[in-house]
Every structure is written in C-alpha cells, then in structure tokens.
Amino acid sequence: MLQKYENILVAIDGSREAELAFEKGVNVALRNKSRLTIAHVIDTRALQSVSTFDAEVYEELQEDAKKLVAGYEKKAREAGVGDVVTVVELGNPKTLLATEIPDEQKVDLIMVGATGLNAFERLLVGSSSEYILRHAKVDLLVVRDSEKTL
C-alpha cells in the first residue's frame with residue numbers, strides 16, 4: 001500500500017539535524033505534491049530561570065524565529081514546493097510538536113532531526129523525538145546525520 005502524505009510538518013531549530021529533516025521534508029513534499037508546514041517552537045522552559053520577566057526578550061526571540069522560518073520558507077518555495085505554511089509558537093516543544101501543532105495544521109507526517117543526546121542527557125532532559133513518537137497521532141520520521149557518530 002502506498003502512502004500519500006497531504007501535509008508534512010518539519011520542526012526546525014537551527015541545528016544540522018533539523019536542516020537535514022527540512023531537506024528531506026522538501027523532497028517528500030515535492031514527491032507527494034503536499035503542503036509543507038515549517039514549525040519552530042521557542043522553548044519557554046529555558047526562560048523560566050530568568051528572575052524578571054522581560055517582554056523584550058520574548059519579542060526578540062520571536063523576531064529571530066520568524067527570520068529563521070522565513071529563510072526556510074524561501075528555500076522550500078525555491079525548490080518548488082507550492083504550498084508552504086509557517087508556524088512560530090512559544091511553549092514546550094515536545095507537546096507542541098507532538099500534538100498541538102499537528103492537530104491545528106491537520107498534519108499527517110512529522111519530520112524531526114535526531115538530537116544526538118547521549119544516554120545521560122536523555123535521562124535528564126528526555127528526547128524530543130522520543131516524546132513525539134510516544135504521543136503523536138500521525139507518522140513520525142526521525143532524520144539522522146549519517147556523518148555524526150554518537
């Protein structure tokens with residue numbers, strides 16, 4: 001049975017692995033003639049340690065994220081993807097990428113880069129791709145950097 005994906009979500013964070021996931025996402029979107037949803041989640045958990053709330057910090061992070069996503073959108077369109085949607089959210093990347101954004105955008109495939117955390121780091125912070133795998137209602141493709149050794 002052949003699977004045709006209608007809407008592919010690629011999570012980007014500026015890492016090499018996310019770049020590889022994006023490249024594969026573009027190719028899958030082109031083959032399936034599908035929508036490509038490019039998402040970036042600003043992890044607000046990392047900002048909770050800041051003692052004073054500074055709205056400028058959030059605004060600056062959002063502006064940077066919008067620029068990052070716009071660059072990926074441009075690359076996707078230049079590659080020939082006709083239907084591109086961008087999403088920038090504040091919150092917990094794991095939950096937003098596993099359920100909330102896919103539900104809102106009607107996604108049927110999620111593509112993420114492998115983070116390359118070692119076993120100790122996974123124990124402390126958990127793997128985003130592992131969380132998404134356990135909680136997503138749709139297919140997940142984890143893209144690895146073949147040149148990177150763990």
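The protein contains 5 helices and 5 strands, where helices (H or I, at least four residues) and strands (E, at least two) are DSSP runs numbered from the N terminus. Along the sequence, these elements follow the pattern β-α-β-α-β-α-β-α-α-β. The structure is a predicted model, in which local features need pLDDT of at least 70, side-chain atom pairs count only at pLDDT 80 or more, and totals for chains, interfaces and linings use all residues. Residues are numbered from 1 along each chain as its sequence is written, and side-chain values use heavy atoms, with hydrogens and water left out.

Of the 150 residues, 39% count as buried; buried means under 20% relative accessible area, exposed over 50%, and partly exposed in between, with a 1.4 Å probe and protein chains only. The protein exposes about 9,000 Å², of which carbon and sulfur atoms supply 51%; such areas come from the Shrake-Rupley method with a 1.4 Å probe, and for residues only the protein chains shown count as cover. Among contacts (heavy atoms within 4.5 Å) with a separation of 6 or more, 76% join residues 24 or more positions apart.

Two of the helices may be considered together. Two packed helices are described by the angle between their axes and the distance between the axes. Helix H1 (residues 16–32) and helix H2 (residues 55–79) pack at an angle of about 35 degrees, with axes 10 Å apart. Here axes are lines fitted to C-alpha atoms, for helices over the stretch in contact, and angles run from 0 to 180 degrees between N-to-C directions. On the H1 side, Glu19, Phe22, Val26 and Leu30 meet Tyr72, Lys75, Ala76 and Ala79 of H2. The residues of this contact divide into 6 nonpolar, no polar and 2 charged; Ala, Val, Leu, Ile, Met, Phe, Trp, Tyr, Cys and Pro count as nonpolar, Asp, Glu, Lys and Arg as charged, and the others, Gly among them, as polar.

Asn32 also lies in H1. Asn32 counts as buried because its relative accessibility is 10%. Its side chain reaches the backbone oxygen of Val28 at 2.8 Å. Leaving aside residues up to four places away in sequence, Asn32 touches Gln3, Lys4 and Tyr5.

Attention now turns to a strand. Thr37 is found in strand S2 (residues 35–43), and it counts as buried because its relative accessibility is 0%. With residues up to four places away in sequence again not counted, Thr37 touches Asn7, Ile8, Leu9, Val10, Val85, Val87 and Gln105.

How values were computed:
Polar contact = N/O pair within 3.5 Å; in protein donor to acceptor, adjacent residues only side chain to side chain.
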